[in-house]
Amino acid sequence: MQHQTLEKPRILLLLPTRTYRATDFLEAALKLDVEVVVASEEIATTADLSPRHTLVLDFSTPTVATEAILEFNHTHPLTAIVGVDDDTTLLATTASEALGLPNNPVASAKATRNKYLLRQTLAENGVSVPAYHRFSIYDDPAEIVADRLTKPYSTEMSVGFPCIIKPLSLSASRGVIRANTPTEFIEAFQRTTKLLHALKETANVEGTCNPDALTHPSQQLLVEDYIPGIEVALEGILLDGQLKTLTIFDKPDPLEGPFFEETLYITPSRLSTTIQKALHRATAEAADALGLRHGPVHAELRYNDTGAHLIEIAARTIGGLCARTLRFGTGMSLEELVIRHAIGEPVEMFQREQRAAGVMMIPVPKAGILGEVRGETAARRVDGIVEVSITIPIGGEVVPLPEGARYLGFIFARAETPEIVETALREAHQQLEFVILP
């Protein structure tokens, strides 16, 4: 679709109401002098004052939301559409395709949002994946153990122990549990399905979606072989199908289960060049198999004696506030780099700064109500610490994994080496005390 020439680029930012990312993306757009239209699920308080800068969309219905974007585009032509997290990936892709803007294939975006489709698509395109099965939240886990778990089922492979149980579309390790025995499998299956039942009820009450069909991702979960090894995260951007790795994050704390609460992300990676190249190749291979060609990618991988193994890949940037660890060129944020790429500016030349950086996602020790946070001043005084951000308000509910969806906050550090960054983050965390009331 052809548009009139704009005086300056106009981008549509898809910002869920609950996202952490709004401020960072808006600041990046302001720095680039890009006109921003903010789309969210709720009406902004400034909507009446500036109707061309706000849009209300239901992100759970991409087809309907795309029609609204097309109508908006007739009077306010858009240069690019940027989704900031998982909830907006599919809409950003669908709407960009409808407008003739650079985008990934819709089928590719769908595969990154459904862990079963992800495994299936990778396997069909020759990428090695762990053995996996898909089950309904209404299945009996005891019957699964007895009849299906360790036997060939359908055209899929046979899953054994240890195995991983995970929802198809939740992120941040929510609902993901490792089971080493049949008894643990039954307990983990029941715990994950209980979470999905609760989320389904909430969704129906709030009217955000109507997941009644048994084939809806919210009604299913995936069981797959556990992949041992060290875990890393790779942040990259696809430039006409070619993967540019922006950084690889080490995860120093072992992630072996039964739950997979992430804590430390440290960059640059201390892994050997050979291993880092293998991680890049595995991510590029997966992106190509899925048909991803444009924009940011965030991948989670494991590496062991048999090589690099993709756990998940998403067509978005890293979640939460973790992107604040990254700076490119002379101080460019990841959000600015993504917007530059979206509006057609070259980004090939930008490299991550040489200085080491890291973030700790502050884990939730127990469920309850956050009553008080002590030691913030002491934590900020630790050498190398640049920011301590408590993201759950006093009086807010805190829920640990695997049911929880939010960390207590984030601690950021910068220093000359990854080792110093890691030490600073751990020391700052030790200074904090969270009073969690029943």
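A salt bridge is counted where a side-chain nitrogen of Lys or Arg lies within 4 Å of a carboxyl oxygen of Asp or Glu. By that rule, a search of the whole structure finds 28 salt bridges.

Before the tour, a word on the model: it is predicted, so local features need pLDDT of at least 70 and side-chain atom pairs count only at pLDDT 80 or more, while totals for chains, interfaces and linings use all residues. Residues are numbered from 1 along each chain as its sequence is written, and side-chain values use heavy atoms, with hydrogens and water left out.

**Stop 1: helix α9**

Select residues 334-342, which make up helix α9. Helices here are DSSP runs of H or I with at least four residues, strands are runs of E with at least two, and both are numbered from the N terminus. Nine of the nine residues of α9 are buried, so the helix is largely enclosed by the rest of the structure. Buried means under 20% relative accessible area, exposed means over 50%, and partly exposed lies in between (1.4 Å probe, protein chains only).

Now show the side chains of Glu 335 and Arg 21, which meet in a salt bridge at 2.9 Å, N to O. This pair links distant parts of the chain, 314 residues apart: Glu 335 belongs to α9, and Arg 21 to the loop between β1 and α1 (22-31). Glu 335 is buried at 3% relative accessibility, and Arg 21 is buried at 2%.

Is Lys 31 buried or exposed? Lys 31 counts as exposed, at 56% relative accessibility, whereas Glu 336 is buried at 3%. Just after the helix, look for Gly 344, which takes a positive phi of about 95°.

**Stop 2: strand β1**

Move to residues 10-14, strand β1, where five of the five residues are buried. Arg 10, Leu 12 and Leu 14 point one way, and Ile 11 and Leu 13 the other. Five bridges join β1 to β2 in a parallel run; two strands pair if DSSP finds at least two bridges between them. Leu 14 has Ala 39 in β2 as its bridge partner.

**Stop 3: strand β20 and its partners**

Select residues 409-415 for strand β20. All seven of its seven residues are buried, so β20 is largely enclosed by the rest of the structure. Which strand do seven bridges join to β20? That strand is β16 (residues 356-362), running antiparallel to β20, and Val 359 stands opposite Phe 412. Strand β18 (residues 385-390) is also antiparallel to β20, with five bridges; Ile 390 is the bridge partner of Gly 409.

**Stop 4: a three-strand sheet**

Three strands form an open, antiparallel sheet in the order β19-β17-β21. The edge strands, β19 (397-398) and β21 (433-437), each pair on one side only. Look along β17 (residues 368-374), which has five bridges to β21, and find Leu 370 opposite Ile 436.

**Stop 5**

Lys 251 and Glu 300 form a salt bridge with their closest N and O atoms 2.2 Å apart. Lys 251 sits in the loop between β10 (242-250) and β11 (264-267), and Glu 300 in strand β12 (residues 295-304). Both residues are buried.

Finally, select Lys 115, Arg 119, Lys 166, Glu 224 and Glu 312, which are linked in a network of salt bridges.
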